[in-house]
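Here is a short report on one protein chain. Please look over the sequence and the model before reading on.

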Amino acid sequence: MPEERKPVTALFAADRRDVWLITTARGLRSFAYGLLAVLLGVALSNEGFSPVAIGALITVSLAGDLVSTYVIGLFGDRWGRRRTIAGLALLMAATGAVFGLTHVYPILLMAAFFGTLGATASETAPFLPLEQAMISQASPPEGRTDAYARYNLVASLAAALGSLSAALPDLLTHLGLSLTAGIRLMFGLYAVLALVVTLLVLRLTPRVELHLAVPAKTGWRQLLPPLRASRGIVLRLAGLFSLDAFAGGLVVQSLMVLFFHLRFGVPLAALGVFVFAANICSALSVLGAARLARRFGLLNTMVFTHLPSNVLLALVPLMPSFPPAAALFLVRQILSQMDVPTRQAYTMALVNPEERTAAASVTSLARSGGAGCSPALSGLLLQGPMLALGLPFLFAGGLKAAYDLALWVTFRRVPVEQDAVSARASQ
C-alpha cells in the first residue's frame, strides 16, 4: 500500500512545534548566558584575576567557539542537527560545572576552550548555525523574518532575566550564605539549564534535519564548508560580519560589566539590574525589526538602525558618572538589535536550502573569529590608568559604524527575493 500522506495542516503544526522548541532552547541558553555575562568578570575579579587574565579567558572561549563552528559547518548536517546540538549542550553543562568547582586558571582555560562559556549575552556559540538553518527550513519565506524576530526576542528577554538573577549571590548573603558559595550555585544553575536544553533538542522531529543530498567532496575540499553557487556572497558577508564581531568583542557584556564595576564602583546587584534593563531594551529593539524590514527591506533595516546605535556606544565612556553612562547605553540598546533577525533572514534568503547550514556556519565562524580576537585587547585597554578613557567603547563604536557603511555600499544593489515577497504582502 502507498504510504499515507499527512495533511498539510499537520505538517505545518509540526514545523511550528519544532520552531518553538528551538526558540525555547535558545531562551534557556540565553538566560544562562545573561547570568554568566554579569557574573563571570566580577566573580573572577573577586578571585584575584586581573582584567588581562579575564579578557584572555574570554578570548580562549571565543576561539573554542570558532573551532566548534568550523567543525559544525563541515559535519553538522552529516552527524545530524539534533544530535550535534545535544552534544554541544552537554559540553555547556560541563563548562558550568568546572567553573563552579575550581578556580585553577589552566583548567578554566581548557574548559572555556572545549566547552561553551556565556561570556556575552549575544551568543557566538556554535549552536546558532544549525538553529538558523532549522528555523529557515521550518518557516515560509514571508514568515522567516518574523520567526527569527521571535527567536531573538525570546533570547533577549531570557538574557535580561538571567542578568537580573546575577544579583542572587548578593541577596543570599543576607541569608547567611557566603558570596563565594552563592556564585558557585549560579554556575551550577548554568549547568542544569544546559541539561534541560539537551532534553528539549532531543524532542525535535526529523523534519528539522537536512534531507537533500550534499555532493561528496574529496581531498582538501573536505576541509571547506559545502558552498557552491553562494560562495562569493557568503564570503563577502563573512568578512564584514567579522569586522562587526571584532568590534563587539571589545565590549562583550562581561567586560562591559567589569568596566562599570572598576570605573564607577558599581556593586554586583546594581549591575545585574542594569544589564537586565539593557537586555529588555534589546528585546524591544527586536520587536520592531520585522515590521521595518517589510517596509524598508532587510539591508536598509540592518544598516540604518545599527549605525546610530554605534555612535551612542562611542559616547558612553565620555559620561562623567554611572547614571548618565548607563542611560546613554540603554538608549543605544533600543536600536542595537534590530539588525540581528534581519541579518539572519538576509543571509538565509541569499543562499540555496542545501547551503544554509554551511552559510550560517561560515558567517558564524567569521563572527566567532572576529569576536575572539578582541576581548584580550579590551582587557589590556581596561588596565591601570587607561580604564578612565574607556577606549574599548570608542574603538567599538567607530569600527561598527565603518562596518555598517561598508555593508550598505557592498550589498545595496544585490536583489533579495524575501524583500520582494514582503513588499507584495504589504500591498
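How many helices and strands are there in the protein chain? There are 19 helices and zero strands. Helices (H or I, at least four residues) and strands (E, at least two) are DSSP runs, numbered from the N terminus.

## Basis

This is a predicted model, in which local features need pLDDT of at least 70, side-chain atom pairs count only at pLDDT 80 or more, and totals for chains, interfaces and linings use all residues. Residues are numbered from 1 along each chain as its sequence is written, and side-chain values use heavy atoms, with hydrogens and water left out.

## Overall build

The protein chain has 427 residues, and 55% of them count as buried. Buried means under 20% relative accessible area, exposed over 50%, and partly exposed in between (1.4 Å probe, protein chains only). The accessible surface comes to about 17200 Å². Carbon and sulfur atoms hold 69% of that surface. Areas come from the Shrake-Rupley method with a 1.4 Å probe; for residues, only the protein chains shown count as cover.

Take the contacts (heavy atoms within 4.5 Å) with a separation of 6 or more: 86% of them join residues 24 or more positions apart.

## Helix packing

Helix α3 (residues 81-101) packs on helix α8 (residues 179-201) at about 170 degrees, with the axes 8 Å apart. That makes α3 roughly antiparallel to α8, a label for angles over 145 degrees. Axes are lines fitted to C-alpha atoms over the stretch in contact, and angles run from 0 to 180 degrees between N-to-C directions.

## Salt bridges

The count comes to seven salt bridges. The rule asks for a side-chain nitrogen of Lys or Arg within 4 Å of a carboxyl oxygen of Asp or Glu. Arg 29 pairs with Glu 131 at 2.8 Å. This pair links helix α1 (residues 8-46) to helix α5 (residues 127-138), 102 residues apart. Both Arg 29 and Glu 131 are buried.

The N to O distance is 3.1 Å for Arg 367 and Asp 244, and 2.8 Å for Lys 400 and Asp 244. Asp 244 is buried, because its relative accessible area is 1%. Lys 400 is buried too.

Definitions and conventions
Parallel < 35°, antiparallel > 145°, perpendicular 65-115°, else oblique.
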